[in-house]
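Good morning, colleagues. Please keep the sequence and the structure in view while I speak.

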Amino acid sequence: MNCIIVDDEPLAREGVLSIVSDIGSIQVIGSFSNALTALDFMKQSPVDLIFLDIHLPQVTGLEFAAQLPKETLIIFTTAYPQYALKSYELDAIDYLLKPLEKERLEKAVNKAVAYKKLLSAETVKNTIEGNTTDFLLIKSDRRYYKVPFQEIRFIEGLKDYIVIHTNKQKLITAMNLKTVHQKIATKKMIRVSKSYIVNMDHIDSFDNHTIYIGEFEIPLGEIFRKDFFDNYSKGTLGSEL
């Protein structure tokens, strides 16, 4: 898997490079100080993953991300926490705050590598064929698989696909998050952002901005926050918003 680094700060580019160079599953093929130069490079060389700053000259990281092909994955690296929710609307793999921590960046890279494999030709043949109040029916390789809602931890929107995270595995299917949410008959599965549906039974903790399920940190979107608090607490946390 290859990647490029786009950041207007030379020290920041060197910092990402020094960490990523030690990860055997990824290769850095370019480093750029602005989005326009990076875009020119990508016209000649396909890129799997971009480490992308947000405050860039001429074209911001968010504007650049909106122009990228769906095959290219993004990890934002920035000093500004306020753009996190916007980044997930652009299907970012992760959002890392500077100064970057080695373990955190490695975790983001591993996630990107795993998703690149999930997006391979074979895995996207899964389709959701039906549902009840208790389970989804997913078709894969001419067989139907029963996926109980109680085993689904959360569902993540990624590009033109969704990733269903269960207790045992990840399942990917070509469908947008809005469509799958309409197919789900249980009230246990609730939309919490433009990129995530969570199973309320699997939530470990939460605050005004983040829901924690195991090792996963799931952003809680502003327009979904009130409905989430109302549904999860039956209205008892309304005064905490």
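Let us begin with β14 and strand β15 (residues 210–213), which run antiparallel and are joined by two bridges. Strands here are DSSP E runs of at least two residues, helices are H or I runs of at least four, and both are numbered from the N terminus. Two strands count as paired if DSSP finds at least two bridges between them. In β15, Ile211 stands opposite Phe206. The open sheet consists of three strands in the order β14-β15-β16, with antiparallel pairing. Because β14 (205–206) and β16 (216–219) stand at the edges with a single partner strand each, one side of each has no neighbour in the sheet.

A word on the basis of these values. This is a predicted model, in which local features need pLDDT of at least 70 and side-chain atom pairs count only at pLDDT 80 or more, while totals for chains, interfaces and linings use all residues. Residues are numbered from 1 along each chain as its sequence is written, and side-chain values use heavy atoms, with hydrogens and water left out.

Is Phe154 buried or exposed? At 1% relative accessibility, Phe154 counts as buried; the term means under 20% relative accessible area, whereas exposed means over 50% and partly exposed lies in between (1.4 Å probe, protein chains only). Contact here means heavy atoms within 4.5 Å.

Now to the nonpolar cores. Such a core is a set of buried Ala, Val, Leu, Ile, Met, Phe, Trp, Tyr and Cys residues joined through side-chain atoms within 4.5 Å. The largest has 24 residues, and Ile26, Leu49, Phe51 and Leu105 touch the most other members. At least two residues of this core come from each of β1 (2–6), α1 (10–20), β3 (49–52), β4 (73–78), α5 (102–118) and β10 (161–166). Which element gives the most to this core? That is α5, with seven residues. Beyond its neighbours within four places in sequence, Leu105 is in contact with Val16, Ile19, Val20, Phe51, Leu96 and Leu100. There is also a second, separate core of 23 residues, including Val6, Ala38, Val59 and Leu90.

My last topic is charge. Side chains of opposite charge can pair when their charged atoms come close. A salt bridge is taken as a side-chain nitrogen of Lys or Arg within 4 Å of a carboxyl oxygen of Asp or Glu, and the structure holds twelve of them. Lys86 and Glu89 form one of these, at 3.7 Å from N to O. Both lie in helix α4 (residues 84–89), three residues apart, about one turn of the helix. Lys86 is partly exposed at 40% relative accessible area, and Glu89 is partly exposed at 37%. Glu89 also forms a salt bridge with Lys194, whose closest N and O atoms are 3.9 Å apart. Lys194 lies in the loop between β12 (189–191) and β13 (196–199) and Glu89 in helix α4, so this pair ties together parts 105 residues apart in sequence.

In helix α7 (residues 222–233), Lys226 and Asp230 lie four residues apart, about one turn of the helix. Their side chains meet in a salt bridge of 2.8 Å, N to O. Lys226 is exposed at 51% relative accessible area, whereas Asp230 is partly exposed at 24%. Finally, salt bridges that share partners join Asp7, Glu9, Asp53 and Lys98 into one network.
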